[in-house]
Amino acid sequence: LLPFSPKISLTGTVLERLPTEAVTGELWMRAPDLRIPEDRALAVQQAAPAMGVWELLFLLWATVAGVLLFRALWQYGRCLRTLRRESSPMDGRAEQLYRQICSELGMRRVPELRLCPALRAPMQAGCLCPMVLLPSGDMEETVLRAALLHELTHYRRGDVCYKWLVE
């Protein structure tokens with residue numbers, strides 16, 4: 001069924017019929033279009049010096065910094081997904097007050113207002129998809145207004161994005 005036996009392999013037959021120069025690569029190096037002139041070969045070797053110690057140290061530093069940045073972004077993304085999963089959209093009196101405050105401040109892009117029972121204090125999170133998170137529990141209107149104004153101030157100043165740049 002097979003065109004060759006274990007004693008005679010297909011590749012062995014092909015290699016036996018090729019000239020030895022083709023198998024060793026000498027034939028390809030003698031081709032006129034692939035040959036590099038001696039003076040150019042020497043210039044190429046001199047133009048590409050080996051990496052120095054400082055270049056290697058910089059490369060190592062950049063690699064470690066890149067890995068740490070990726071790790072921090074990944075952890076922050078996991079934190080935001082957890083906050084979004086554990087919270088629910090806010091409605092009712094707090095949502096109305098929030099929309100009123102946003103219109104008073106003249107905000108064009110309004111972060112999402114969410115209720116998160118796991119939090120003890122209000123917070124603003126997210127750079128690309130910002131959200132203001134409130135803890136569960138009833139707050140007086142003056143306290144709620146102050147908390148919302150405080151968190152919206154963080155959003156308007158870009159404190160979350162600024163924190164990423166500083167760290």
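With which side chain does the side chain of Glu112 make a polar contact of 2.6 Å? The partner is the side chain of Arg114. A polar contact here is a pair of N or O atoms within 3.5 Å; within protein, one must be able to donate a hydrogen and the other to accept it, and residues adjacent in sequence count only if both atoms are side-chain atoms.

The model is predicted, with local features needing pLDDT of at least 70 and side-chain atom pairs counting only at pLDDT 80 or more, while totals for chains, interfaces and linings use all residues. Residues are numbered from 1 along each chain as its sequence is written, and side-chain values use heavy atoms, with hydrogens and water left out.

View 1. Glu112 lies in strand 2 (residues 112–115); strands (E, at least two residues) and helices (H or I, at least four) are DSSP runs numbered from the N terminus. Glu112 is partly exposed, at a relative accessible area of 30%; buried means under 20%, exposed over 50% and partly exposed in between (1.4 Å probe, protein chains only). A further polar contact, of 2.8 Å, links the side chains of Glu112 and Arg84.

**View 2. Arg114 in strand 2.** Arg114 also belongs to strand 2. Arg114 is buried, with a relative accessible area of 8%. Its side chain reaches the backbone oxygen of Arg84 at 3.0 Å.

View 3. Four strands form an open sheet in the order 1-2-4-3, with mixed pairing; two strands pair if DSSP finds at least two bridges between them. Strand 1 (88–89) and strand 3 are at the edges and have a single partner strand each, so one side of each lacks a neighbour in the sheet. The pairing of strand 1 with strand 2 is antiparallel, over two bridges. Pro89 has Arg114 in strand 2 as its bridge partner.

**View 4. The largest pocket.** The largest pocket holds about 240 Å³ of space. Of its 14 lining residues, the closest to its centre are Tyr76, Met123, Gln124, Val160 and Lys163. On a 1 Å grid over the protein atoms alone, a pocket is an open set of points where a 1.4 Å probe fits, with protein on both sides within 12 Å along at least five of seven lines; lining residues have an atom within 4 Å of a point. Grid points are joined across faces, edges and corners, and the volume is the space filled by probe spheres set on the points.
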